[in-house]
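Hi,

Here is the structure I said I would pass on. Have a look at it first, and my notes on what turned up follow below.

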Amino acid sequence: MKSYLTILAVFLYLGVSAQAEDAERRRNFNTNNDIALREFDAVSYFKESRPLKGMSKFYHHHQGITYYFANAENLEEFKKSPDKYEPAYGGWCAYTVALNGERVKVNPVTYKIMDGKLYLFYNYNSDNRLLKWNRDIKRLKAAAEKNWKAKMH
C-alpha cells in the first residue's frame, strides 16, 4: 500500500509540475487564445514558398501551446520533432527581443529561417524589422539569445 501511495504522489507531482511548465510557456509565447503563429502552419514555413494558414481540424497541443496545420501530413511532421518547428523567442519579434528583450507582436508572414529555426518579425506601418535584422544578423542574434534567456525565463 505504501509503494502505491508513493507512486501516486510521484504521478501527481509530475502532473502539477507539467501544468506549471505549460502555464509558463503560455505566458512566454506569442499566442492568440493559446494558438501559435496566428493560426499559420509551423511546418509550412519550412516546406512551402510561403506560410500557409492552418485549419482547426488539424491541430496539436504541444506543452500548453496549440498549433494549427494546413494538412494532416504537416501535423504528423510537427509531432515527430516539434522543437524543430517552433518559432524562436516564443514567436515574438526577434529584432525587438535583440534590442531590449521586449515582446512585440509580429506579422506572421514576415519571417526568416536561419540555421533551421524560424524567426518572426514586426512589420507594420512601414517598420519592417526583418530588414533591420538583416543588417547585423550575427550581433542581433547573439543579443536576442542573451535577452531571451535573461528576461523571459
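The largest pocket has 14 lining residues, and Pro87, Ala88, Tyr89, Gly90 and Trp148 are the ones nearest its centre. By pocket I mean, on a 1 Å grid over the protein atoms alone, an open set of points where a 1.4 Å probe fits, with protein on both sides within 12 Å along at least five of seven lines; lining residues have an atom within 4 Å of a point. This one holds about 240 Å³ of space, the volume being what is filled by probe spheres set on the points, which are joined across faces, edges and corners. α1 (2-28), β6 and α7 each give the lining at least two residues, with α7 supplying the largest share, three. Helices (H or I, at least four residues) and strands (E, at least two) are DSSP runs numbered from the N terminus. The lining splits into six nonpolar, three polar and five charged residues (Ala, Val, Leu, Ile, Met, Phe, Trp, Tyr, Cys and Pro count as nonpolar, Asp, Glu, Lys and Arg as charged, the others, Gly among them, as polar).

Bear in mind that this is a predicted model: local features need pLDDT of at least 70 and side-chain atom pairs pLDDT 80 or more, while totals for chains, interfaces and linings use all residues. Numbering starts from 1 along each chain as its sequence is written, and side-chain values use heavy atoms, leaving out hydrogens and water.

Now the salt bridges (a side-chain nitrogen of Lys or Arg within 4 Å of a carboxyl oxygen of Asp or Glu): the whole structure has six. In one of them, Lys47 pairs with Glu73 at 2.8 Å between the closest N and O atoms. That pair ties together distant parts of the chain, 26 residues apart, with Lys47 in helix α2 (residues 44-47) and Glu73 in helix α3 (residues 72-80). Glu73 is exposed at 57% relative accessible area, whereas Lys47 is partly exposed at 39% (buried is under 20%, exposed over 50%, partly exposed in between, with a 1.4 Å probe and protein chains only).

Asp127 and Lys132 also form a salt bridge, 2.9 Å from N to O. Here Asp127 is buried at 17% and Lys132 partly exposed at 29%. Shared partners join Asp127, Arg129 and Lys132 into one salt-bridge network.

Finally, Tyr119: beyond its neighbours within four places in sequence, its contacts (heavy atoms within 4.5 Å) include Ala88, Tyr89, Trp133 and Glu145.

Cheers
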